[in-house]
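Hello,

Below is the structure I said I would pass on. My notes on what was found follow it.

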Amino acid sequence: MKNIVVLISGRGSNFEAILRTARSEDWEGRFGLKIAAVISNRPLAKGLDTARREGIDAVAVDHKAYPTREAFEEALAAAIEPYKPAVIVLAGFMRILTESFVARWEGKILNIHPALLPLFPGLDTHQRAIDAGCRVHGSTVHFVSSVLDGGAIIGQSVVPVLPSDTDETLAARLLPYEHKLYPQCVKAVALGEVKLIDGKAVMSDEVAHHLAIFWRKD
């Protein structure tokens, strides 16, 4: 069995999306993939309650209990290590990880960013896309690197930007596509269909096609 560990700071809507997909596609039975633990740096994170209800290990490692970022990350690593994860998924985890932590699990830590990287790293991505006059916007799943939002791209989802959009309406249009994209990227990496080699995400054409998700007008 290959274990998936999810890191959250709050509700973890992307965690919920991954969990729904894992259940509906029977990841454990068909692929030998298991969401083994959900770990939060906030003990009261609602996503921990979700994990408990689903029979998933729920662990709190409160960053406020540690004097330095490095001390917190050592505690976090100690919580992760027993699961021997095939993939570590950042799902609304509101802590920037140090280079040494990322290096420990290079090629195994994934994040989703609400923009078509390399455009618009950082915050306020929806409004920045509108202000720039973009006609399309999207989300990107990438390997985590020492550069913020700068890791190798695994998959992307794309939606239109409409003249009437606000950052709220654009975010709402994109969210369902984030929830489609992230689980498929997690599964692909866990199964070894996507690998980080020499700083690039390497995959077949078939997998790349599957991990490019475009908006469709119903």
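In these notes, buried means under 20% relative accessible area, exposed over 50%, and partly exposed in between (1.4 Å probe, protein chains only). This is a predicted model, in which local features need pLDDT of at least 70, side-chain atom pairs count only at pLDDT 80 or more, and totals for chains, interfaces and linings use all residues. Residues are numbered from 1 along each chain as its sequence is written, and side-chain values use heavy atoms, with hydrogens and water left out.

By that scale I153 is partly exposed, with a relative accessible area of 34%. I153 belongs to strand β7 (residues 153–160); helices (H or I, at least four residues) and strands (E, at least two) are DSSP runs, numbered from the N terminus. Leaving out residues up to four places away in sequence, I153 touches L117, P118, T140, V141, H142, A201 and M203, where contact means heavy atoms within 4.5 Å. One of these, A201, is 48 residues from I153 in sequence, with 6.3 Å between their C-alpha atoms.

Strand β1 (residues 2–8) is largely enclosed by the rest of the structure, because six of its seven residues are buried. Two strands pair if DSSP finds at least two bridges between them. β1 runs parallel to β2 (residues 33–40), joined by seven bridges, and K2 has L33 as its bridge partner in β2. β1 also pairs with β4 (residues 87–90), again in the parallel sense, over four bridges; here I4 is opposite V87.

In helix α3 (residues 46–53), G47, L48, T50 and A51 are the buried residues. They lie on the same side of α3, because they cover an arc of only 155° around the axis, taken from the directions from the helix axis to the C-beta atoms. Their cover includes β1, α1, β2 and β3 (57–60). K46 and R53, on the other side of α3, are exposed. After α3 comes G55, with a positive phi near 75°.

The largest pocket has a volume of about 890 Å³, the space filled by probe spheres set on grid points joined across faces, edges and corners. A pocket is an open set of points on a 1 Å grid over the protein atoms alone where a 1.4 Å probe fits, with protein on both sides within 12 Å along at least five of seven lines; lining residues have an atom within 4 Å of a point. The lining has 31 residues, with F93, M94, N111, I112 and H113 nearest the centre. α1 (13–24), β5 (109–113), α6 (125–131) and α7 (167–190) each give two or more residues to it.

Regards
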